Amino acid sequence: IWGAMHGLTTLSQMVEPLPPTAEGEREYVIRAAPWTIDDYPVLPHRGLMIDTARHFLPTSTIRRQIDALSMNKMNVLHWHVSDAESMPYESTAFPDLAPKGAFIKEATYSQQEVKDIIDYAAERGVRVIIEFDMPGHNYAWSLAYPSLFVNCSDMYPTDTRFWVASFDPTNEKLYSFLDTFIHEVAQTFPDQVIHLGGDEVQYSCWNESKAIREYMATHNLTLTDLYASFESRVHSIAAKYNKSVQSWDEVYVSAKEVLPQDAIVQVWRGMETLTDAVKDGFRAVLSAPYYLNSGFDMGGLQVSWVSIYSNDPVPLNLTKQQQDRVLGAEACIWGEEVNQFNIDQRVWFRGSMLAERLWSLQGNHTDKIGPDVLVRSIKQQCRMMRAGIKATPVDDRDVLPRRSLWNQCELDLPQREY
């Protein structure tokens with residue numbers, strides 16, 4: 001099914017509109033026909049991570065990203081649904097989570113809305129991998145269930161407490177809670193993979209607790225040991241419900257000894273970690289070179305499309321078996337400065353460059369980016385614009401005549417509501 005869908009996408013990319021006639025009629029052409037195309041993706045995991053916790057994204061915006069993924073033959077929507085700022089997912093098992101954890105009542109995702117998004121994505125060949133970050137990055141959960149968290153209020157002022165808030169990994173009631181919650185999530189999201197975060201845990205919060213310090217002393221644990229113990233238990237819970245766990249690379253770095261072999265490492269801090277992970281037998285997904293918010297809310301220059309296109313996610317200094325453990329890559333668009341009004345421009349067309357790279361690896365491309373790449377990008381940006389995706393224009397001054405309609409395709413679009 002997906003092969004046929006991708007074949008139709010390829011066909012649509014070959015159809016080009018001609019300028020309208022004086023009577024307003026339009027013709028379409030396929031140049032240099034007939035064609036025979038034998039094509040397939042090199043990497044199975046070609047994704048985009050969106051963040052609905054920092055700024056709530058309406059379901060229409062999420063569907064639009066799914067449309068763009070499908071147009072670019074990408075097949076994974078990684079949905080970072082909750083974080084310290086908000087918990088908008090409406091849980092049936094724990095109905096207080098969203099009403100207390102969301103920004104406002106209207107900024108939540110009902111079970112029906114979640115199901116509709118999953119179905120919408122599946123119809124377009126896109127998997128939905130849900131992420132609930134833990135044990136940190138989840139202050140919003142504590143607004144409904146404070147007894148599961150470490151109280152860091154003595155050490156941190158209220159306006160920064162959300163950053164260090166964390167589950168209490170020594171609380172047995174926490175694991176009963178997570179068992180019930182992950183069971184619900186496993187039934188709601190059909191994908192075989194669930195993402196459980198694991199990044200940027202602030203050990204200082206745990207170390208502030210007298211009860212946790214006494215627990216570590218009794219069990220002869222370090223803070224890193226305690227973190228590894230938590231990860232071991234949540235991975236076991238996920239496995240109980242037939243889910244493999246994808247996590248940020250801190251989980252691999254600090255807890256690899258306790259991880260099951262089906263764990264997936266999402267690498268955001270450098271290629272060396274990816275290389276180490278696949279050599280240790282784990283599967284990996286690369287995001288480090290593909291942070292699309294960099295340069296906006298993280299300082300410096302934004303990640304250019306040339307940089308994205310030039311970075312293959314599969315290191316060449318690996319064995320074939322190790323390379324096969326690199327499942328692919330995800331572009332990440334964190335939500336601190338992104339909402340429904342600018343997410344299209346931040347992600348696309350740069351996301352299209354990653355899509356091409358994940359479809360056909362060819363080593364390092366820095367010295368091979370020619371006019372053909374730019375022309376393809378310009379035309380793809382116009383296709384997305386026609387589909388209602390407000391993709392950023394491509395600098396076309398060196399490859400197309402200045403008065404080419406490809407340069408100004410936004411002038412030839414119907415008015416749309418965004």
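This is a short walk through the structure shown above, from the whole chain down to single residues.

Hi everyone, and thanks for coming. Before we start, this is a predicted model, in which local features need pLDDT of at least 70 and side-chain atom pairs count only at pLDDT 80 or more, while totals for chains, interfaces and linings use all residues. Residues are numbered from 1 along each chain as its sequence is written, and side-chain values use heavy atoms, with hydrogens and water left out.

Let's begin with the whole chain. It has 17 helices and 10 strands; these are DSSP runs numbered from the N terminus, with helices being H or I of at least four residues and strands being E of at least two. Of the 418 residues, 54% are buried. For the burial words, I use relative accessible area: buried is under 20%, exposed is over 50%, and partly exposed is in between, with a 1.4 Å probe and protein chains only. The accessible surface comes to about 19,000 Å², and carbon and sulfur atoms hold 53% of that; the areas come from the Shrake-Rupley method with a 1.4 Å probe, and for residues only the protein chains shown count as cover. As for contacts (heavy atoms within 4.5 Å), take those with a separation of 6 or more: 72% of them are between residues 24 or more positions apart.

Which residues of α2 are buried? Among them are Thr59, Ile62, Arg64, Ile66 and Leu69. The cover over the buried residues of α2 includes helices α1 (2-14), α4 (111-122) and α15 (343-347), along with strands β3 (45-51) and β4 (76-82). After α2 comes Lys73, with a positive phi near 60 degrees.

Next, the salt bridges. The rule is a side-chain nitrogen of Lys or Arg within 4 Å of a carboxyl oxygen of Asp or Glu, and by that rule the count is 20. Let me show you three of them.

In one, Arg233 pairs with Glu172, and their closest N and O atoms are 2.7 Å apart. Arg233 sits in helix α10 (residues 223-240) and Glu172 in helix α7 (residues 172-188), so this pair ties together parts 61 residues apart in sequence. Arg233 is partly exposed at 31% relative accessibility, and Glu172 is partly exposed at 47%.

Another one pairs Lys240 with Asp179, at 2.9 Å between the closest N and O atoms. Lys240 is in α10 and Asp179 in α7, so here too the linked parts are 61 residues apart in sequence. Lys240 is exposed at 51%, whereas Asp179 is buried at 17%.

Glu16 is buried at 8% relative accessibility, and its side chain makes a polar contact with the side chain of Lys379 at 2.6 Å. A polar contact is a pair of N or O atoms within 3.5 Å; within protein, one must be able to donate a hydrogen and the other to accept it, and residues adjacent in sequence count only if both atoms are side-chain atoms.

Last topic: backbone angles. Most residues other than glycine have a negative phi, and most peptide bonds are trans. Where are the cis bonds here? One joins Ala33 and Pro34, with omega about 5 degrees, and Pro34 is in the loop between β2 (28-30) and β3. Another joins Met134 and Pro135, with omega about 10 degrees; Pro135 is in the loop between β5 (127-132) and α5 (139-142).

On the phi side, Glu200 has a positive value of about 50 degrees. Glu200 is in the loop between β6 (193-195) and α8 (203-208) and is partly exposed at 29%. Asn220 has a positive phi near 55 degrees, in the loop between α9 (210-219) and α10, and is exposed at 68%.
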